[in-house]
Structure formats: C-alpha cells, structure tokens
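Dear colleague,

I am passing on to you the structure below, together with some notes on its charged side chains. Please read the notes with the coordinates open beside them.

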Amino acid sequence: MALPQLIPSSSSSLHHKPTFNPNPIPSPFNPNPNFLSPRLRRSHHHRRQRPGSLKCSASSFSERHPTNQPKSDDVVELPLFPLPLVLFPGAILPLQIFEFRYRMMMHSLLQTDLRFGVIYSDAVSGTADVGCVGEIVKHERLVDDRFFLICKGQERFRVTDLVRTKPYLVAEVKWLEDRPSNDGEEDLEALANEVESYMKDVIRLSNRLGGKPEKDVQDLRRNLFPTPFSFFVGSTFEGAPREQQALLELEDTAARLKREKETLRNTLNYLTAASAVKDVFPST
C-alpha cells in the first residue's frame, strides 16, 4: 500500500553523512513485476508494481515483536546492498539481481544465512549508515545466473566500520532497537490509533479525489504493536525516501509515530483543500 504524495513534517530535513563513499553507487536494483504474486503486485492506488518502489501490506508484518532479536550491543559482519530505497522491518521487498558482484553475494548467501543489509544510497546524500537486514524468503535462479528474490525486512543496524569494498561491500554493524521514550507516560497505543485514523482519512479522501468509490478502509493495524506498526506506516511513505530514512533512524517509537502523525495530518489538510477546490470547480 502506498499513500498519495506526502507533505513531510516540519522536522523532515535529513542530512546523511556518507559512510562509505560520497559518490553514488551504481544500483543493481531492478524489480521484475512479472515475478511477483498478484498480492505483492497490488497497491492501494495502482494495480502494477512500479519499478524502484517498495510495496508492502499490513499482513507483511509480524503480529508481535520478534523475541529472538540479537542484543543491541552485538557487532557482526554483514554484506551490504546499497539501493535507492528504504527497507523497514517487516516489509516485503522484491529484487532482481543481475550485476556480477551481487550475483556473487547471492551465491554466498544461499549457502549461509540468507541475510544481507539493505542500505539507502543516492547521488545527493551518498550512502546512509543505518539500514535494515533483508532476509531472503523466496528465490529463483535463472539460466543466465540472474536471481529473482523476495526479501523480508528484519532488524535495523548501524554501520560501525567498513570491512571491505570488493567485490561487494561488507561492514561491521551494530543492531538498533527502539529505546524507551523520554516521556515514560507516553501512551503508545493511543498514539498508534491516532496515526491509523489519519491514515484511513488520507486513504479515503485520496480515493475520493481519484474518482474511486468511497468505502470503509480496512483495519490497518492488524494486531500490530506500536513499534512494528510505526515501521509499517513508514514503509507506505513511498516517493519520500529521505523522510523514510529519517523514520528508520529514529530509536524512539513515540517520536516515530508523532512524526508520522504530523506528516499524515499535513497530507490530509492538503487533500482536504484539494477536495474543496474540486467540489467548487468539478472540471479541475
């Protein structure tokens, strides 16, 4: 599910300090929509998967916090896959692997633990130092040695040191977990419910503006606790990867939900104004 064009919160400015190389890394990302199942191809606004976009649904997320996450002070080596997108824990990411160095990575991963780091990179910001582990849950190897993959986001990490750059990036990483909010009395459940309400309003009004029949929006939380729900919300902010990266880097569930709430509220105000204009001038 993807939301319409977002109006980021006032705190959405994010400046990445390139960790590995300030020059843009050639992207081997090339999702093939024909490989995906119909459920993965669908979104709220489009029936086809758009190249370079991240699709997910509430059902893509675990219903409860994982209980076997590594301790936050563990440092491990992880192969990295720089991409022009942001992967969130619980989200589903389709990939097509065709570049030689990443085909080498896949051969190694398929013989080990099927996990690699997805990390945001673009020509302006360089490569971020916080990413998300992608675990291969389905793969298909073609005769020309290309790979089709379906990956699921797992735990977040921060790069602490670069081990090597060839044939592909490998780094030492430290696991990230959300810390308790500074305000111990913060009602995360109430905050998550507010965010869900804004999301429903944005979807409903967006459908109206798009000429789609108005109908009740499904339960978006699907029994998700506030933290995984905050990741799900962030994954729907397609077209705003820097804002998504800022959300991914936050280590406070309340702060993430509040930022998402502000973005959704701004977007709703914009859509409300657009809807009013359309009512007055139906041909616009």
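What follows concerns the confidence of the model and then its salt bridges.

This is a predicted model, in which local features need a pLDDT of at least 70 and side-chain atom pairs count only at pLDDT 80 or more, whereas totals for chains, interfaces and linings use all residues. Residues are numbered from 1 along each chain as its sequence is written, and side-chain values use heavy atoms, with hydrogens and water left out.

On confidence, the protein averages a pLDDT (the predictor's confidence in each residue, from 0 to 100) of 78, and 71% of the residues score at least 70. Over residues 12-68 the pLDDT stays under 50, and for this stretch the model has 151 contacts beyond four places in sequence, a contact meaning heavy atoms within 4.5 Å.

The model holds 16 salt bridges, where a salt bridge is a side-chain nitrogen of Lys or Arg within 4 Å of a carboxyl oxygen of Asp or Glu. One of them joins the side chains of arginine 179 and glutamate 251, at 3.0 Å from N to O. This pair links distant parts of the chain, 72 residues apart, with arginine 179 in the loop between β6 (170-176) and α3 (188-209) and glutamate 251 in the loop between α5 (241-249) and α6 (253-280); helices (H or I, at least four residues) and strands (E, at least two) are DSSP runs, numbered from the N terminus. Arginine 179 is exposed, with a relative accessible area of 52%, while glutamate 251 is buried at 17%, given that buried means under 20% relative accessible area, exposed over 50%, and partly exposed in between (1.4 Å probe, protein chains only). Both residues also belong to a network of salt bridges that links Asp129, Arg158, Arg179 and Glu251.

A second pair lies within helix α3, where glutamate 196 and lysine 200 are four residues apart, about one turn of the helix, and their side chains meet in a salt bridge of 3.9 Å, N to O. Here glutamate 196 is buried, at 9% relative accessibility, and lysine 200 is partly exposed, at 23%.

In a further salt bridge, the closest N and O atoms of arginine 259 and glutamate 243 are 3.0 Å apart. Arginine 259 lies in helix α6 and glutamate 243 in helix α5, so this pair ties together parts that are 16 residues apart in sequence. Arginine 259 is buried, with a relative accessible area of 10%, and glutamate 243 is buried too, at 5%.
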